[in-house]
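Please look over the sequence and the model shown here before reading on. The briefing that follows takes up a few residues in turn, grouped by topic.

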Amino acid sequence: MNTSILILCGGDNTGWRKTGGAGRKELAATFGVPLLARTIRQFKAEGCRVLVAGRCAEIKTVAEAENATLLPCAETKTETCLLNIKEWTQQTVFVCGDTVFSDDLVVELSCSRSPMFYGSFFTSEIYAVMFEHSWHGRMKNWLAACHPGSGCLWNLYRALNDLPPNRHLLDPLTWREVPGPFVRDFDFQDQYEDWRRTFDPREP
């Protein structure tokens with residue numbers, strides 16, 4: 001299957017920096033390599049085409065070193081996804097660059113077919129969004145319906161499910177609850193430190 005993985009690395013890292021995080025959270029060390037490099041390698045191992053959208057030089061350097069395709073990055077995640085619509089293929093997956101993915105979830109994302117959001121409803125986190133070619137038109141409309149300047153992936157989820165702003169409602173037809181705690185995103189430095197102490201004690 002022709003699967004494209006679009007890794008989103010355009011956030012401003014505000015929470016990460018305010019809690020003492022150094023550099024980009026997408027480049028935090030995980031299992032001996034930058035998080036972004038690990039994610040690229042995981043999806044490439046499944047035969048996926050990997051693309052990275054990010055503005056800073058450090059993100060671009062890692063993407064180039066891992067032979068991933070660099071894409072332009074807009075102000076928000078939803079705007080970036082829409083900006084790169086020409087890169088959508090038979091199967092497209094939007095992936096948050098600050099998330100540690102288990103190998104099992106990578107395999108599932110690489111071969112699933114239904115339009116689906118993957119995340120933790122309890123912690124209000126979306127890790128990835130997957131959809132097929134037949135949903136391109138609808139996905140374009142849902143992305144366009146997201147308010148400019150408020151382009152988190154939750155807005156896309158609400159648009160898809162016809163929900164009002166700030167409303168969280170789990171729809172089992174479009175939501176895949178990802179069991180933790182190994183799959184985890186890092187908004188703050190202390191979240192990363194907790195994960196590192198539990199799963200990656202080799203890091204200092």
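This is a predicted model: local features need pLDDT of at least 70, side-chain atom pairs count only at pLDDT 80 or more; totals for chains, interfaces and linings use all residues.

**Cysteines, a buried aspartate and a loop glycine**

Cys48 has a relative accessible area of 8%, and it therefore counts as buried, since the cut-off for that class is under 20%.

**Cysteines**

- The structure contains zero disulfides, and Cys48 accordingly takes part in none, with the nearest cysteine sulfur, that of Cys111, lying 8.9 Å away.
- Cys152, with a relative accessible area of 35%, is partly exposed, whereas Cys48 is buried.

**Asp185**

- Asp185 belongs to strand β11, which is made up of residues 184-185.
- Although Asp185 is buried, it has no salt bridge, and the nearest side chain of opposite charge, that of Arg184, is 4.7 Å away.
- When its neighbours within four places in sequence are left aside, Asp185 is in contact with Asp98, Thr99, Glu125, Tyr127 and Gln191.

**Gly11**

- Gly11 sits in the loop that runs between β1 (3-8) and α1 (14-18).
- The relative accessibility of Gly11 is 38%, so this residue counts as partly exposed.
- Gly11 and Ala74 are 63 residues apart along the chain, and their C-alpha atoms are separated by 9.7 Å.

Methods: Residues are numbered from 1 along each chain as its sequence is written. Side-chain values use heavy atoms; hydrogens and water are left out. Helices (H or I, at least four residues) and strands (E, at least two) are DSSP runs, numbered from the N terminus. Buried means under 20% relative accessible area, exposed over 50%, partly exposed in between (1.4 Å probe, protein chains only). Lys and Arg count as positive and Asp and Glu as negative; His and the chain ends are not counted. A salt bridge is a side-chain nitrogen of Lys or Arg within 4 Å of a carboxyl oxygen of Asp or Glu. Contact means heavy atoms within 4.5 Å. A disulfide is a pair of cysteine sulfur atoms within 2.5 Å.
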